[in-house]
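Reader: I am new to this structure. Could you walk me through the spaces inside it?

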Amino acid sequence: MKRTRLLFKIILGIVLYALAVLTTAAAVKAEQGNDTLFQVSTIDALLDGVYDGAMPVARLIAMGNTGLGTFHALDGEMAVIDGVVYQIRSDGSVRVAEQGASTPFAAVTPFEPDLTLTLGNVSSMRELNSALEALLPNPNIFYAIRATGQFRTVKTRSVPRQTKPYPPLKVVAATQPVFDFSDVPGDIVGLWSPAFVKGVGVPGFHLHFVNAARTGGGHMLDCSFEHLTLTLDATPAFTVVLPQSEDFATTNLTLDRAADLHKVEQ
Ligand code: ZN
């Protein structure tokens, strides 16, 4: 009897060891992404009203087919999906960005799926964020995020085109148009950024949405769904190109704008 129990223990040990090895192998694979996140300007410059296009969109998408941002003069939200640059304007309309469009702030990466996560029965953005964060193998690197699915509800916002002198983003965001979708198929594109990019990027999750009909979307404020499969691209490298404009040169980037960012992200 004792012998059987010992044998059982040994077999269980071997099985557990094999499982541990497999799990580790999966985790390592998930972290093997070697892509670079390519970003134009800094979030704090955008918060302070540096809205002039600093890079043509055509040059931006040479650096990656997946990402998000905004456009010259803050003319709507940008969602880059499969190399197509969508412009979601403040009237709620969506168009493929014009040839010659430029961006004051955007981040893209060549999307290579490293990790697939399935989430069920999510009733808010807060739930989505905490469920996703708990599953990240390494929160101290970047992840590009893609998902295509059916949503119960999605709430988005876009930002209206501004004229000079540009007001700070928190002033613009105070009157941002908000859009509500229900029972809608669509795409999420976004990023996870580690906490230490504060001031440069948006720490945590930053997600944009475009519906499947490509007639609506924006910066995601809330969502709910029954079932969604998300694909993540582990992205350990980070390149930032800074504008050389007068506006950027004279912006005070010594301030802590975390509270402003929190306000405009909501
Ligand atoms: Zn956004």
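**Cavities and pockets**

Reader: What volume does the second largest cavity have?

Author: A cavity here is a set of points on a 1 Å grid over the protein atoms alone where a 1.4 Å probe fits but cannot get out. Grid points are joined across faces, edges and corners, and a volume is the space filled by probe spheres set on the points. For the second largest cavity, that volume is about 80 Å³.

Reader: Which residues are closest to its centre?

Author: Happy to say, after a note on the model. It is predicted, with local features needing pLDDT of at least 70 and side-chain atom pairs pLDDT 80 or more, while totals for chains, interfaces and linings use all residues. Residues are numbered from 1 along each chain as its sequence is written, and side-chain values use heavy atoms, without hydrogens and water. Of the 13 lining residues (those with an atom within 4 Å of a point), the closest to the centre of the second largest cavity are Gln39, Leu191, Ser193, Gly201 and Val202.

Reader: How much space lies in the largest cavity?

Author: The structure holds two cavities of 30 Å³ or more. The space in the largest cavity is about 130 Å³.

Reader: And which residues are closest to the centre of the largest cavity?

Author: In total, 15 residues line the largest cavity. Closest to its centre are Leu46, Glu77, Arg157, Leu169 and His206.

Reader: How much space lies in the largest pocket?

Author: A pocket is an open set of points with protein on both sides within 12 Å along at least five of seven lines. The largest pocket holds about 730 Å³.
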